[in-house]
Each structure stands twice: as structure tokens, then as C-alpha cells.
Amino acid sequence: MPETLERPSTEAGEYARWLPRHRRSAGVARLLLREFLGGLVDGKLYVDVGELLLSELVTNAVEHARVSPRRVLRGQLIAVRFEVAVGRLRIEVHDASCERPEAQPLPDGDDESGRGLLLVESLAVAWGCCPRPGGIGKFVWAHVGPAEGAS
């Protein structure tokens, strides 16, 4: 993992970028992931599930990552990081909150939110949350395997 996310990483098979903590950042993150995977030989194998999980994780960071007033500047940013290695896409979403996400019970059918982490749990090969090394906050990660039946 790069020590800093101050500028985009351009290492082969890896990409990282800071984004504003704004509701439009999920769409920007999906675009960045499509571009990243489009430059890899087998990138298309990870696009569909990768975009869905990335969108859910970024939306959670934007909607739920609460920060103290001391952390206001860095709290206005989130970071995304992508890496493909050993047949898996790793997605990370960094934010300034130390509060760990928890999947909630399945919401009622009429509820418009509350399913994000349930989707992550069901579609990711693995997922978790870790404190950011050398920094404030945490990052939530998810591993995506290649699409079944894709060649």
C-alpha cells in the first residue's frame, strides 16, 4: 500500500486517489475504477461487482463517516484505492472516521437505504475494516473475484 495518497499512484496494477466527501464521489469513483480496469488485460472480469461494491463503500463513507471538528479538513476527503493481484480486485475506501461499519438487519421492503453492507457481505470474496496505518481514520476493503463464466 502506498504510504501516502496525496497524489494518484500509477504503479502497474494499482491506483489511488483522494476524492471530496460528497454524494457525487461514488460516481467519480466508479468511473475511475472502470478506467483502471480498462487498462488491465483481465480487468473486465471485475467491473460489474467491483463497481457495485465500490459505490456502496464510497456512499457509506460519504453518508456515515462522522469526524470530530479537529479533523474537519481531512474529514472532507475520502480516498479510493484499487489493486489487482493474484486473481482478485482489492478495493479500499479510506475516511477520517474511526467508527467501524456494521451490517444491519435486512431493512423493510419500503426502506430506501440500509442494504449496502449486506450487498458487500454477499458479493465480496472477503471484506473488512482496518485502522489507517500512520494516519487518522480507517479503511474498508473488499476483495472481488473474477465474474463466473467470464473469459
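1. Buried here means under 20% relative accessible area, exposed means over 50%, and partly exposed lies in between (1.4 Å probe, protein chains only). At 11% relative accessibility, F36 therefore counts as buried.

2. On provenance: this is a predicted model, in which local features need pLDDT of at least 70 and side-chain atom pairs count only at pLDDT 80 or more, while totals for chains, interfaces and linings use all residues. Residues are numbered from 1 along each chain as its sequence is written, and side-chain values use heavy atoms, with hydrogens and water left out.

3. The sheet. Helices (H or I, at least four residues) and strands (E, at least two) are DSSP runs, numbered from the N terminus. Five strands form an open sheet in the order β1-β2-β3-β5-β4, with antiparallel pairing; two strands pair if DSSP finds at least two bridges between them. At the edges are β1 and β4 (126-131), each of which pairs on one side only. From one strand to the next the twist averages 15°, where axes are lines fitted to C-alpha atoms, for helices over the stretch in contact, and angles run from 0 to 180 degrees between N-to-C directions.

4. The β4/β5 pairing. These two strands pair in the antiparallel sense over six bridges. The bridge partner of C129 in β5 is V140. Strand β5 (residues 138-144) also contains H143, which is buried at 18% relative accessibility. Contact means heavy atoms within 4.5 Å; not counting residues up to four places away in sequence, H143 touches R88, L89, R90, A124, V125 and A126.

5. The core. A nonpolar core is a set of buried Ala, Val, Leu, Ile, Met, Phe, Trp, Tyr and Cys residues joined through side-chain atoms within 4.5 Å. The largest one has 30 residues, of which L54, L57, V58, V80, F82 and L89 touch the most other members. Two or more residues come from each of β1 (14-20), α1 (25-38), α2 (47-64), β2 (77-85), β3 (88-95), α4 (116-123) and β5. The largest share, seven residues, is from α2.

6. Rings of Phe, Tyr and Trp (its six-membered ring) pair if their centres lie within 6.5 Å; planes under 30 degrees apart count as stacked, over 60 as edge-to-face and the rest as tilted. The whole structure has two such pairs. Y15 and F82 are stacked, at 6.0 Å centre to centre and 15° between the planes. Y15 is in strand β1 and F82 in strand β2, so this pair ties together parts 67 residues apart in sequence. F36 and F82 have ring centres 5.8 Å apart and planes at 40°, so that pair is tilted; it links helix α1 to strand β2 across 46 residues. Relative accessible area is 16% for Y15 and 0% for F82, both buried.

7. The salt bridges. A salt bridge is a side-chain nitrogen of Lys or Arg within 4 Å of a carboxyl oxygen of Asp or Glu. The structure holds six. Among them, R81 meets E14 at 3.5 Å, N to O, E83 meets R81 at 3.1 Å, and E92 meets R90 at 2.8 Å. R81 lies in strand β2 and E14 in strand β1, so their bridge ties together parts 67 residues apart in sequence. R81 is buried at 2% relative accessibility, as is E14 at 9% and E92 at 2%, whereas E83 is partly exposed at 24%. A network of salt bridges links E14, R81, E83, R90 and E92.
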